[in-house]
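Trainee: Please take a close look at one helix packing in this model, and then at the aromatic rings.

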Amino acid sequence: MNAVLPVLLALLAITDASFCGFRVAAGRDARIFKADFYRSAIRRGMGRGIFTTAVVGAGIAGACLFAPGLFTQLLVCAQAMLWVLLPYATLTLVGMGVWAAAEADARTLASVVVLGPFTLIRPWVIAAAAVVGAWKAPGLTAALVTIAACAAQLALEPWLNVGMRARLPAVGQARP
């Protein structure tokens, strides 16, 4: 159980970053066939998610070296955060499953009912997970690490957005 919680949180963070990559790219390309563009955006989000997760994980590992018992405290925080994050992630993945498997009408329904509203509440869900994790933290250091990790996850989408602006062609510039 000790290794499952951090791995599960890391997988959720990387999956969320991949969705962030798609959201940042959505609606920014006028081409009719955008599958390659979206796949590239998802890979970019996943790459930054892996990088951010690795940096946060290395920071936590370093902090655990200097503070014995911190890892156990962080497991308490992670368990509390999962009570907030797992229902959101499950419903999002179900919505994606309907979107991927169904016909156009059901896809539209999944986008309007699940994926759109869940995009809007994403920052609030992460903030709620941070609050719950920090509240359940047995120590101040664990609470601060929990809040910092959630802040890093929230900063991913603006970071991807900045990177996307540089990729957009200037107005009036011909595309290949």
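Mentor: The axes of helix α1 (residues 4–25) and helix α3 (residues 70–101) come within 9 Å of each other and cross at roughly 40 degrees. That makes α1 oblique to α3. Oblique covers what is left once angles under 35 degrees (roughly parallel), over 145 (roughly antiparallel) and 65 to 115 (roughly perpendicular) are set aside. Axes are lines fitted to C-alpha atoms, for helices over the stretch in contact, with angles from 0 to 180 degrees between N-to-C directions. Helices are DSSP runs (H or I, at least four residues), numbered from the N terminus.

This is a predicted model: local features need pLDDT of at least 70, side-chain atom pairs count only at pLDDT 80 or more, and totals for chains, interfaces and linings use all residues. Residues are numbered from 1 along each chain as its sequence is written, and side-chain values use heavy atoms, without hydrogens and water.

In contact terms (heavy atoms within 4.5 Å), L5, P6, L8, L9, L12 and F19 of α1 meet residues of α3 including F71, L75, L82 and M96. The residues of this contact divide into 15 nonpolar, 2 polar and no charged.

As for the rings, there are 4 aromatic pairs, counted when ring centres of Phe, Tyr or Trp (its six-membered ring) lie within 6.5 Å; planes under 30 degrees apart are stacked, over 60 edge-to-face, the rest tilted. F51 and W159 are tilted, at 6.2 Å centre to centre and 55 degrees between the planes. F51 lies in helix α2 (residues 35–66) and W159 in helix α5 (residues 140–167), so the pair ties together parts 108 residues apart in sequence. Ring pairs also link F22, F37 and Y38 into a cluster.

Methods: Helices (H or I, at least four residues) and strands (E, at least two) are DSSP runs, numbered from the N terminus. Ala, Val, Leu, Ile, Met, Phe, Trp, Tyr, Cys and Pro count as nonpolar, Asp, Glu, Lys and Arg as charged, and the others, Gly among them, as polar.
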